[in-house]
Amino acid sequence: PLLVNQIAAGECIERPASIVKELVENSIDAGATAIEVGVEEAGSRLIRITDNGCGIDREDLPLAITSHATSKLQNADDLLNIRTLGFRGEALASVASVADVFISSCPSGEQSGYKIRSFGGDVKPLEPVAMNHGTIIEVHDLFFNIPARRKFLKKKATEMGHITDTLTKLALSYHKASFKLTHNNKIVFHVEKTATLKERIEQLLAIGECEMLEISYERNGIEVQAFLAPPEVNRANSKQQYVYINGRCIKDRIVLRAVADAYSDYLPMKRHAVAVLFLQMHPEDVDVNVHPTKAEVRYRDSSGIYSAVYHATLEGLRKGDL
Ligand code: ADP
Ligand code: MG
C-alpha cells in the first residue's frame, strides 16, 4: 500500500500548494469556521493546518492516514456528484506517504484528542493529546523520502506564491470560515468570516469603498453567479479574475474572454476587470478530469458557455447603472 500511495502522491501532490488545497478542502468539508495555515520555508519544512471542524474519531485516524478511506462517498452514485475532484479518499494517505506527518484530532463532544504519526508511510501508534476541538495536521519535511522530488521544489517565492494563490481561491469561494496564512510566523493574509460571499470577495480583493455588482443568471443550462467590480475600479493586474466551475477554481480562456468582451462592449477600452464567477452546469457538460492537478477543463458546448457568461456579465454591469 505504501508504494500505491506514493504513486498516487506523484499524481496529486505536485507541490506544497497541492497539499494546502487538499487539507483545507477537508477542513471546509468538516464544517470548520476557523482555518489556519502555517508554513515554514514555503512548505518544504512544515505545513500546518489547524481547524475547528468536526474532527476525526480515534478509530478512524489510522484509516484516514493509511488507506484510500473516505467518509464522504456513501455509494457509487456519489462518484458522479463528487465535489472535491481527483482524489476520492487519496489525499491524506498520499501526503502521509511522502512526508513526516502528524494528525491530531479531537471530535466535537470529546474531552481530549488523539495523535497519529506517519513517518513516510510508516504509521506509529496512537497517542492521547490535549487539544481544542478540531484537527491539526502537520506535514514536516515534504518528500524527505523521495529526494528526486524534493530537489524539484521551486524557489521559495514561487512555492509561496502558489500557496497564497491556492488559499485565496478557497477563501474566495467559502465565506463561512476565517482564513489565516502565515509564513515563517509572519502573517501573509488573514480574513474574518463574513455574512455573505459578496463581503468575502470585497474583503479579499480589497476593492475599497466600491461594492461588487452581483448577478445570478441562467442560460443554456448554465447557472452563472458573477461578482463584478464596477467598471471604474481599475487594476493594472489582470490576474484578479477567478472562475469556478462546479465549485472548482479553474484556468479558462473562454470564460475570461466572455467577461472581457462584455466589459469592453459596455465601456469601450475597459480591459482589466476584477471579477469572480461561479458557474454551475451538468457534470456531463464539462470534463474536469483532463488532469488531476492541472486546472483545465473541456466543455461539450463552448459557445454556450461563452454566451452565458457574456450575457451574465453585461446584465450585471447594466444592473449597476440602476
Ligand atoms: P476525502 O476528502 O476524499 O474523503 P481525504 O484523504 O482527503 O479523502 O480524507 C480522508 C478522510 O479523513 C475524510 O473523508 C474525512 O473523514 C477525514 N478527514 C480528513 N481531514 C479532516 C479534517 N480536517 N476534519 C475532519 N475529518 C477529516
Ligand atoms: Mg479530501
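I take axes as lines fitted to C-alpha atoms, for helices over the stretch in contact, with angles from 0 to 180 degrees between N-to-C directions. Helices (H or I, at least four residues) and strands (E, at least two) are DSSP runs, numbered from the N terminus.

I am working on a predicted model, where local features need pLDDT of at least 70, side-chain atom pairs count only at pLDDT 80 or more, and totals for chains, interfaces and linings use all residues. Residues are numbered from 1 along each chain as its sequence is written, and chains are lettered from A and ligands numbered from 1 in the order in which they are written.

**Chain.** I find nine helices and 16 strands. Of 322 residues, 37% are buried (20 or more other C-beta atoms within 10 Å of a residue's own, C-beta atoms being placed from the backbone).

**Helix pair.** I looked up α8 (residues 253–266) and α9 (residues 302–319): their axes come within 8 Å and cross at roughly 35°. I count residues as in contact if their C-beta atoms, placed from the backbone, lie within 7 Å. On the α8 side I see I254, V255 and Y266, among others. The α9 side includes I305, V309 and L317. The residues of this contact divide into 13 nonpolar, two polar and three charged (nonpolar: Ala, Val, Leu, Ile, Met, Phe, Trp, Tyr, Cys, Pro; charged: Asp, Glu, Lys, Arg; polar: the others, Gly among them).

**A275.** Beyond neighbours within four places in sequence, I find A275 in contact with A226, F227, L228, A229, Q241 and V259.

Definitions and conventions:
Contact = placed C-beta atoms within 7 Å. Buried ≥ 20, exposed ≤ 12 C-beta atoms within 10 Å, placed from the backbone.
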